[in-house]
Amino acid sequence: MKRFALVIFAKQPRPGSVKTRLCPPLTFHEATALYEAFLLDLFDGVRKLRRVDVWIAYAPRSAKSYFHKVVPRRFRLIQQSGKDLGLRMDRAFQGVFKTGYEGICLIGSDDPLLNASDLREAFEGLEKRAVVLGPTLDRGYYLIGLRQPRPELFAGVPWSTNRVWAETLRRVRRLGLDGRVLPRRRDIDHPADLKWLVRILRRDAAARRRLPHTWEVLRELKGHL
């Protein structure tokens, strides 16, 4: 049996379909360029993970050729499917588990500062726990790790609300799952989040080196920020 897999949920960068809550102050095209930079830096960062297979769960269906071009060759692709986020996540877990893994962590692509070291901590937690969760400041989560499919954690959750974290914890406890909670992090979804990211990168040279694509786009957008 294979050890661990990382699944990254990602959309093809298209104006009007990604990072729209950053508009304004950004235009749709600027938000798209920033999101693509997030993706490229994330792909570069997770290549440093050892003994972890990386899967890209992409959307929409027509995006397969785009991701074939931009992801590292050893990454694998799986199409997102389902009418809501919960069903898409559950199907991604089900599909990747069928290929023979002991544990899977799933993340989004909204936190460019999430790095290989953070993910190693998540997989260490998954060595002993049934579920690993990484909460966000807006009461959602940026990571969920499982040792087996758990459809009950996804069906009927009020996605895109501030109740996601509490509802997920309630279900984990109801199922009697042994869990680990990671440090809280911040997704870059709103203009205030973007200004926070700019402040971090301006004062942290190491972070700028880890995120060259993101930093390049942000420097071009300095008039908005």
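1. Lining of the largest pocket. In this predicted model, strand S6 supplies the largest share of the lining of the largest pocket, namely 4 residues. The pocket has a volume of about 1100 Å³ and is lined by 39 residues in total. Arg21, Leu85, Asp110, Asp187 and Asp189 are the lining residues that lie nearest its centre. Two or more lining residues come from each of S1, H1, helix H3 (85-97), S4 and S6.

2. The main nonpolar core. The largest nonpolar core comprises 33 residues. Within this core, Leu6, Ile8, Val46, Ile56, Phe67 and Leu143 have the most contacts. At least two core residues are supplied by each of strand S1 (2-11), H1, strand S2 (52-59), helix H2 (64-70), strand S4 (101-107), helix H4 (116-128) and strand S6 (141-146). In soluble globular proteins, nonpolar side chains tend to be buried together.

3. Surroundings of Leu6. Leaving aside residues up to four places away in sequence, Leu6 touches Val46, Leu49, Val52, Asp53, Val54, Trp55, Cys105, Ile107, Leu119 and Phe123.

4. Helix H3. The 13 residues of H3 should span 18 Å at 1.5 Å a residue, and the C-alpha atoms at its ends are 18 Å apart, which agrees. Its buried residues are Gly86, Met89, Asp90, Ala92, Phe93, Val96 and Phe97. These residues cover an arc of only 155 degrees around the axis and therefore lie on the same side of H3. An α-helix has 3.6 residues a turn, so residues three or four places apart point the same way. The buried residues of H3 pack against S1, S2, strand S3 (76-79), S4 and S6.

5. Helix H6. Asp193, Leu194, Leu197, Val198, Ile200 and Leu201 are the buried residues of H6. Viewed down the axis of H6, these buried residues fall within an arc of 160 degrees, so they line one face of the helix. Arg202 and Arg203, on the other side of H6, are exposed. The cover over the buried residues of H6 includes helix H1 (28-46), helix H7 (205-210) and helix H8 (212-220).

6. The bond from Cys23 to Pro24 is cis, with omega near -10 degrees. The bond that joins Pro24 and Pro25 is also cis, with omega about 15 degrees. Pro24 lies in the loop between S1 and H1, and Pro25 is placed in the loop between S1 and H1 as well.

7. Arg139 has a positive phi, near 70 degrees, although the residue is not glycine. Arg139 is located in the loop between strand S5 (131-135) and S6. Ser160 likewise has a positive phi, near 65 degrees, and is found in the loop between S6 and helix H5 (164-174). Is Ser160 buried or exposed? With a relative accessible area of 79%, Ser160 is exposed, the cut-off for that term being over 50%.

Notes
Residues numbered from 1 in each chain as written. Predicted model: local features only at pLDDT ≥ 70, side-chain atom pairs only at ≥ 80, totals over all residues. Heavy atoms only, no water. Buried < 20%, exposed > 50% of the residue type's maximum accessible area, 1.4 Å probe, protein only. Arc of directions from axis to C-beta. Contact = heavy atoms within 4.5 Å. Core = buried A, V, L, I, M, F, W, Y, C linked by side-chain atoms within 4.5 Å. 1 Å grid on protein atoms, 1.4 Å probe; cavity = no way out; pocket = protein on both sides within 12 Å on 5 of 7 lines; lining within 4 Å. Points joined across faces, edges and corners; volume = space filled by probe spheres on them. Expected span 1.5 Å × (residues − 1).
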